[in-house]
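Reader: Got a model open here. Can you walk me through a few spots?

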Amino acid sequence: MTRPDSPGAPAVVRRTRGPRKVAVLGAGSWGTTFAKTLADSARSGAHARSEPLERTVVLWGRDATAMGHTARTHVNDRYVPGIRLPGRLEITADLAAAVDGADLVVLAVPAQSLRSQLTAVAGHLGRDAVVLSLAKGLERDTGLRMSEVVAEELGRDTGLGTDHWQERTCVLSGPNLAMEIAEEQPTASVVAAPATELASWVAHACRTRYFRPYTNTDVVGTEIGGVVKNVIALGVGIADGRHLGENSKASIITRGLAETTRLALALGGSLETLSGLAGLGDLVATCSSPLSRNRTAGRLLGLGMTLPEVQEEMTQTAEGIKSAPAVLALARRHGVDMPIAEAVVAILREEITVDDLAPLMLGREIKSEGTAP
């Protein structure tokens with residue numbers, strides 16, 4: 001299902017070949033990696049056109065000491081150790097310096113802290129700026145997708161209204177294991193935006209020889225795929241921690257895709273999106289890779305750790321832990337059956353044990369395999 005374009009892409013997109021300045025907010029593993037990708041794209045694009053390098057890419061992080069070290073060494077030792085960042089990538093802890101004048105602002109902060117970060121960003125954001133969200137989660141208190149949080153918060157804080165920022169907010173999703181992309185292993189992803197022209201403008205800004213973005217206009221389906229896969233990955237990790245075999249894990253992945261698709265369709269997403277990179281592709285990568293934070297968190301739960309112990313053990317956010325209750329609440333509001341999500345949430349709330357995961361999923365009434373409720 002194809003989404004109709006908005007009345008028009010932002011003026012900056014219509015006027016320019018690409019962004020002149022890009023600010024990446026959030027210097028964790030994915031933010032740092034994506035800033036590298038943007039800088040590599042700018043360099044390769046200028047080389048291909050035999051033109052001077054005109055695009056500025058700035059990476060911002062809140063920890064001034066850490067950002068100072070990264071700026072001096074051009075290595076983010078904590079999050080992407082061993083990866084040399086491009087020399088022309090600017091690195092700062094000064095939010096105003098990062099955002100002022102940026103045509104494209106990339107949000108690479110955790111989903112649950114996004115709203116509070118936007119309040120500070122709004123004062124430096126140009127009215128024609130484009131926003132790209134990398135976060136994959138639902139806001140716990142509201143159940144809103146990240147693009148909805150962006151439009152709502154920026155609409156209020158800038159005084160320009162929600163509709164203004166809905167037209168300018170894009171999302172990027174797909175199999176995005178940061179360390180593999182930082183190592184320049186070939187990866188495909190999806191940029192979703194309200195208008196095809198806008199999605200293409202963003203995609204061209206981050207395309208490199210190792211990172212290939214496709215485009216669509218299904219923002220809803222793209223975001224839901226990125227959200228629910230984290231919950232399913234927790235379930236796969238739990239199964240792995242309980243030493244269940246590949247049949248069990250493949251069953252969770254496959255039925256997890258059905259759950260994700262049911263929810264996306266109920267919210268207006270496209271079946272095609274969920275069968276592509278933002279759905280199946282992201283789900284397979286997140287559920288299969290030892291680099292996946294959500295799969296790792298699930299595995300630790302499966303090995304018998306308590307949730308506080310898991311959170312203390314991990315150095316980075318496993319977004320599925322925080323988003324899972326919001327996913328389940330959203331599904332219930334729309335009458336969508338999601339037994340794997342129900343089981344994962346029950347485990348997180350200590351209502352059942354990890355040994356109850358398989359019986360809950362398999363001891364259900366016989367029904368058709370399709371994605372219908």
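**Threonine 70 and beyond**

Author: Start with threonine 70, which is buried at a relative accessible area of 4%. Buried means under 20% relative accessible area, exposed over 50%, and partly exposed in between, using a 1.4 Å probe and protein chains only. This is a predicted model, where local features need pLDDT of at least 70, side-chain atom pairs count only at pLDDT 80 or more, and totals for chains, interfaces and linings use all residues. Residues are numbered from 1 along each chain as its sequence is written, and side-chain values use heavy atoms, with hydrogens and water left out.

Reader: Which helix is threonine 70 found in?

Author: Helix α3, residues 64-73. Helices (H or I, at least four residues) and strands (E, at least two) are DSSP runs, numbered from the N terminus.

Reader: And what is threonine 70 in contact with, leaving aside its neighbours within four places in sequence?

Author: Val75, Asn76, Leu85 and Ile91. Contact means heavy atoms within 4.5 Å.

Reader: New topic. What order do the strands of the open sheet take?

Author: The order is β3-β2-β1-β4-β5-β6-β7-β8, eight strands with mixed pairing. The edge strands are β3 (90-92) and β8 (211-216), each pairing on one side only. Two strands pair if DSSP finds at least two bridges between them. On average, neighbouring strands of this sheet are turned by 25 degrees against each other, direction ignored.

Reader: How many bridges join β4 to β5?

Author: Four, and β4 (residues 104-107) runs parallel to β5. Leucine 104 has valine 130 of β5 as its bridge partner. For leucine 107, the partner in β5 is serine 133.

Reader: Are the residues of β5 buried or exposed?

Author: Buried, on both faces of β5 (residues 130-133). Val130 and Leu132 sit on one side, Val131 and Ser133 on the other.

Reader: Now the helices. At what angle do α10 and α14 cross?

Author: Roughly 40 degrees, with the axes of α10 (residues 219-241) and α14 (residues 293-302) coming within 6 Å. Axes are lines fitted to C-alpha atoms, for helices over the stretch in contact, and angles run from 0 to 180 degrees between N-to-C directions. α10 and α14 are therefore oblique to each other. Angles under 35 degrees count as roughly parallel, over 145 as roughly antiparallel, 65 to 115 as roughly perpendicular and the rest as oblique.

Reader: Which residues make that contact?

Author: From α10, they include Asn230, Leu234 and Ile238. From α14, Arg295, Ala297 and Leu301 are among them.

Reader: And α10 with α16, at what angle do they cross?

Author: Roughly 110 degrees, with the axes of α10 and α16 (residues 319-333) coming within 9 Å. α10 and α16 are therefore roughly perpendicular to each other. Residues of α10 including Val227, Val231 and Leu234 meet residues of α16, among them Ile321, Ala324 and Val327.

Reader: Last one. What is the phi of histidine 243?

Author: Positive, about 65 degrees, although histidine 243 is not a glycine. Most residues other than glycine have a negative phi. Histidine 243 lies in the loop between α10 and α11 (246-266). At 65% relative accessibility, histidine 243 is exposed.

Reader: What about glutamate 350, where is it found?

Author: In the loop between α17 (339-348) and α18 (357-362). Glutamate 350 has a positive phi of about 60 degrees and is not a glycine. Glutamate 350 is exposed, with a relative accessible area of 60%.
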